[in-house]
Amino acid sequence: MVSKHALRTSWSARILPPNAATGKQTATIGRRSKSGRHISSSRNGLDDELGSAASSKEFLSYHVYIPPTPDNQLPVDPDASPDLDPSISARVEEQYVSNSLFTGGFNSVTRAQLMNKVIDSETTHPQMAGAKGSSCATHGCGAKVMSDERGNDILPCECDYKICRDCFVQGLKTNATCPGCNEPYKAKEKNESSVNGNQDPPASPQPSLPTTPAGMSRMERRLSRVKSMNCSMSLTRSKTEIFDHNRWLFETKGTYGYGNAIWPKHNDDDIEAGQPAELVTKPWRPLTRILKIPAAVLSPYRVLIFIRMAVLGFFLAWRIKHKNPDAIWLWGMSVVCEIWFAFSWLLDQLPKLSPINRATDLLVLKEKFESPSPANPAGKSDLPGIDVFVSTADPEKEPPLVTANTILSILAADYPVEKLACYVSDDGGALLTFEAMAEAASFANIWVPFCRKHGIEPRNPDSYFNLKRDPYKNKVRSDFVKDRRRLKREYEEFKVRINGLSDSIRRRSDAYHAREEISAMKRQREAAAYADDPKESVKIQKATWMADGTHWPGPWIDSAPAHSRGDHAGIIQVMLKSPSDEPLLGSKDETKSFDLSEIDIRLPLLVYVSREKRPGYDHNKKAGAMNALVRASAVMSNGPFILNLDCDHYVYNSQALREGMCFMMDGGGDHICYVQFPQRFEGIDPSDRYANHNTVFFDVNMRALDGLQGPVYVGTGCLFRRLALYGFDPPREDPRGSCFSACFRRKKKSNSTFAEETRALRMTDEDDEDSMMNLSTFPKKFGNSNILLDSIPVAEFQGRPLADHPAVKNGRPPGALVAPRDLLDASTVAEAISVISCWYEDKTEWGQRVGWIYGSVTEDVVTGYRMHNRGWRSVYCVTKRDAFRGTAPINLTDRLHQVLRWATGSVEIFFSRNNALVSSTRLNFLQRIAYLNVGIYPFTSIFLIVYCFLPALSLFSGQFIVQTLNVTFLAYLLVITVTLCLLAVLEIKWSGIELEEWWRNEQFWLIGGTSAHFAAVLQGLLKVMAGIEISFTLTSKSAGDEEDDDYAELYAVKWTSLMIPPVTIMMVNLIGIAVGVSRTIYSPAPQWSKLVGGVFFSSWVLAHLYPFAKGLMGRRGRTPTIVFVWSGLIAITISLLWVAINPPAGNSQIGGSFTFP
């Protein structure tokens, strides 16, 4: 025990009585100077007491810990009942939130509609909205009684009177007496039995929520929890529920009394001064490592690139000097195209000079964040929270069953349940999607524990039950076969319910509508009995009804004012409320023989969100929906990291989130803005006719960019740092060593209450490199939501890497994130409704600098570019088992429209301020070239189309791009071709792709370049010059009509104008070959060299267009008539036009004297 004298003369902390006016508890920190004078160094007076920079250096890294010991108890609300458990009110409020549908928006009141049932089927999981429970015993009420995480009734009084939330709150406001015993509420003793007296106690004790001082804001509560290392969660009590002082002293290594403080010891000889001894001596293991490409592969690859660059330079110089006077027009067009192709190849090849591979160590991650330590004695998870975003817009093109399977795979992911939250953005606001998500939440009650019990992979039920391999391989539990059989039957029933939701909603709405009409007619007849004039028949708007018998606040099946796709209120429904922070073991279901007695049955937080839409507002498509989720999640859960997935991309590797977190939590991870995972697809035809896998981009280009500043953001499968999405700059390195000063230089005193927590928040421009972010400007940038603004420094702190070694800069202390989350209350969800309203972004920087960037159909590339332009880095995470898998359009028309949208976005980028030519100096040079290529590659289509017509024109005219096929030209052509093939072989070697995949990519490069890319350039020019807006078609995720064929869509031919240029090129080249061969054979002086050159290049074009021609043929001769009509008309027109322009020599008559034999 430390003496009082030591407390007075050494570092000390004295707790003052609570402030009478505010009720807050304050702490005054002081130290004794060398001269013997006592100096106050509390946070309130630190800036006032310390004026010089020299003296302030002593206080840059101090931490004060005041754990809740028996001598230090936080005050409770004086208005609350002294005998009432403080956790009951919070749980009551959370139960109310999870059972209510919140709506609101522009010029409307935010309402919370209590939902007795969310879906027609029964819901049993206690976390789910509308879960079955007891009824309130208050006369005339009948509402549901509050329940805990196991579904047991929460009874606030020892008399076991069942009461709902509303009656309980009303009673507290009136006389604070229990209606059952007419006495003040008195909570049960902890050792009493449960509600009915015969139920088993929980497997693990649930700690009550810590009380918070009155008047403390939500942000203050969060900061007080994340900054406290030795908080109440790390304290243990004896079996008699009496505080164990000795054990507390041992576990916390603290000084008993008023508190303890750890100060850095200033020692000039010790570089690591101020760090605890165990951090200096403990061996540090990295979470990730870089696997470099072998030099035997990478060195020749780089040499070949420079050799080909030199050869191309000499070849183009030779081509310019040696003109073809016989066909100067042919020579000129070919030279211009070849110069552009060389420039385009250079833009694509230079960023590939430094490819790398990366690997993670999940065992080290578990050891650092989920193992017992002095800062985390209980071994609770110290990982930061992750908010997963799933976006959907149209239930017809994006089937609800696909989205539901994605949700189930997320809920079953191998990540701490209490740190995971899933938000579903339904931008169409369809009741069908809403009820499908509710059905998925209900099915997760058995699917998620089944996955945890048997280690199921993948955790998408549809993909799992359709696996071609043996499902019983490596399964050792004796009850696996029985459990799997039951789950498969349950899933089949689940699919039937999902598929029948559309008809069920329509039948339900018709029934309610008929009832409303009957009631209206009855009222009309009653009114007519007292009136002389007969009234017209009553017309009632046909509404869409929910399962609880109320109107759906979103779009109706039959559109009505304030209930259409572009005009409806904002909707938030907590489908699954936040889980408890302790594992919740299940029980053995004797009726269905499903033993979960050893399995954690908790489910992550699941929230349905449909942002408000009103006429006259630009809702900015997917980017606007994602920004609405960013704000809503910041208010409700505020995970420092965000994972966004398309509705058809599910979690294929349950540990993918941990793999991504290894990069974020590793040394230097605070400079990483996002971790991009490769996109992998299912349902692609075995030959991958249209290069749907896109392996060259994901396995070659993205790995190469990873060696620079990082891969580009591709729209899905990306783990973001929330702070980077907010538009802040990465932390800056500073040799002075402070984790806060590493972010910027301190130029002036800050009077902000949370100045220390916000010093890492910088949002500077090029002309103001060292300016600190002023908190007063936050409302202008992020809006006027105080909860949202308060959450920003919290997210920044929680997203820092673990400071488990002196070399880790800008880190957080171990054990800082073991405290549980705050329970949701009605005011928080109401604030979330406010931030998703259509007017919230007005006069803010959302979409301009903050969040997903607006103004482009490819908002993903622009968003990633803005982050890299501010100096952030990104990482490419390729896991051994695919992290995520999705679907891709295998139909030719759908594939071309998808490529058209991507290319259109690139053209928009080129003509916008996001062009890499005007980027900042923080962007790596080769990274700048890569982004420049993103905006330029669609323009290659202009030169590509011209070059594809040149062989046919050469055959028609009897000329060639060179005057003669001499040795020099053939040598250049051979070297250029051989180096290209060798580069392809080496790329295949270091990237792991196959030769067939590389060739498919080359084929579709020409198909897309002559169709979708050219149309994108035209659309982009129309938008820039004429202001014509571009609209895109949502990619369909639905399956084909032929259920017996998985690839039925591959053979479906849907005519589109994008097919006209490739069809024309094919027909012209075929006719050109025929004309050239005939002319050469029957010519008195045949020029075989020119024929061979023209036929070779025409064959090169036709070989690349072969998949396109095969797609037009359809299946079993089902080629559309329009294909033959267009082909014939184009071929005849071009042939007649050419003969008319250039008739045979010696004959001016159209058609000449040339005849076939």
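What share of the contacts in the protein with a separation of 6 or more comes from residues 24 or more positions apart? The share is 77%, where contact means heavy atoms within 4.5 Å.

**Before you start**

This is a predicted model, in which local features need pLDDT of at least 70, side-chain atom pairs count only at pLDDT 80 or more, and totals for chains, interfaces and linings use all residues. Residues are numbered from 1 along each chain as its sequence is written, and side-chain values use heavy atoms, with hydrogens and water left out.

**The whole chain**

Show the protein as a cartoon. The secondary structure comes to 36 helices and 22 strands. Helices (H or I, at least four residues) and strands (E, at least two) are DSSP runs, numbered from the N terminus. Of the 1157 residues, 54% are buried. Buried means under 20% relative accessible area, exposed means over 50%, and partly exposed lies in between (1.4 Å probe, protein chains only).

**Stop 1: helix 10 and its surroundings**

Select residues 328-349, which form helix 10. This helix has 22 residues and reaches 31 Å from its first C-alpha to its last, close to the 32 Å expected at 1.5 Å a residue. The expected span is 1.5 Å times one less than the number of residues. Now colour the buried residues of helix 10, which include Trp331, Cys337, Glu338, Trp345 and Gln349. What covers the buried residues includes helix 9 (295-321), helix 27 (925-936), helix 28 and helix 29.

**Stop 2: helix 9 against helix 29**

Two packed helices are described by the angle between their axes and the distance between the axes. Select helix 9 and helix 29, which pack at an angle of about 155° with their axes 9 Å apart. Axes are lines fitted to C-alpha atoms, for helices over the stretch in contact, and angles run from 0 to 180 degrees between N-to-C directions. Helix 9 and helix 29 are therefore roughly antiparallel to each other. Angles under 35 degrees count as roughly parallel, over 145 as roughly antiparallel, 65 to 115 as roughly perpendicular and the rest as oblique.

The crossing of helix 9 and helix 29 is left-handed; that is, the near helix is turned anticlockwise from the far one by less than a right angle, whereas clockwise would be right-handed. The contact of helix 9 with helix 29 involves 20 nonpolar, two polar and four charged residues. Here Ala, Val, Leu, Ile, Met, Phe, Trp, Tyr, Cys and Pro count as nonpolar, Asp, Glu, Lys and Arg as charged, and the others, Gly among them, as polar.

**Stop 3: helix 13 against helix 15**

Next, select helix 13 (431-454) and helix 15 (residues 480-499). Their axes come within 11 Å and cross at roughly 165°, which means that helix 13 is roughly antiparallel to helix 15. This crossing is left-handed. Show side chains in the contact, among them Phe443, Trp447 and Phe450 of helix 13 and Leu487, Tyr491 and Phe494 of helix 15. The residues of this contact divide into eleven nonpolar, one polar and seven charged.

A cis peptide bond joins glutamate 457 and proline 458, with omega about -5°.

**Stop 4**

Most residues other than glycine have a negative phi, and most peptide bonds are trans. Select asparagine 620, in the loop between strand 15 (605-610) and helix 17 (621-636); its phi is positive, about 60°. Then go to asparagine 694, between strand 19 (680-682) and helix 19 (695-706). Asparagine 694 has a positive phi of about 55°. Is asparagine 694 buried or exposed? Asparagine 694 counts as buried because its relative accessibility is 18%.

Alanine 795 lies in helix 23 (residues 786-798) and, at 5% relative accessibility, counts as buried. Leaving aside neighbours within four places in sequence, alanine 795 is in contact with Asn638, Pro640 and Arg722.

**Stop 5: helices 33, 34 and 35**

Finish with helix 34 (residues 1088-1104). Its buried residues, including Leu1091, Phe1097 and Val1101, pack against helices that include helix 33 (1060-1081) and helix 35 (1106-1113). Helix 33 and helix 35 pack at about 105°, with their axes 11 Å apart, which means that helix 33 is roughly perpendicular to helix 35. Their contact is made by Pro1062, Val1063 and Met1066 of helix 33 and Phe1108, Ala1109 and Leu1112 of helix 35, a set of six nonpolar, no polar and no charged residues.
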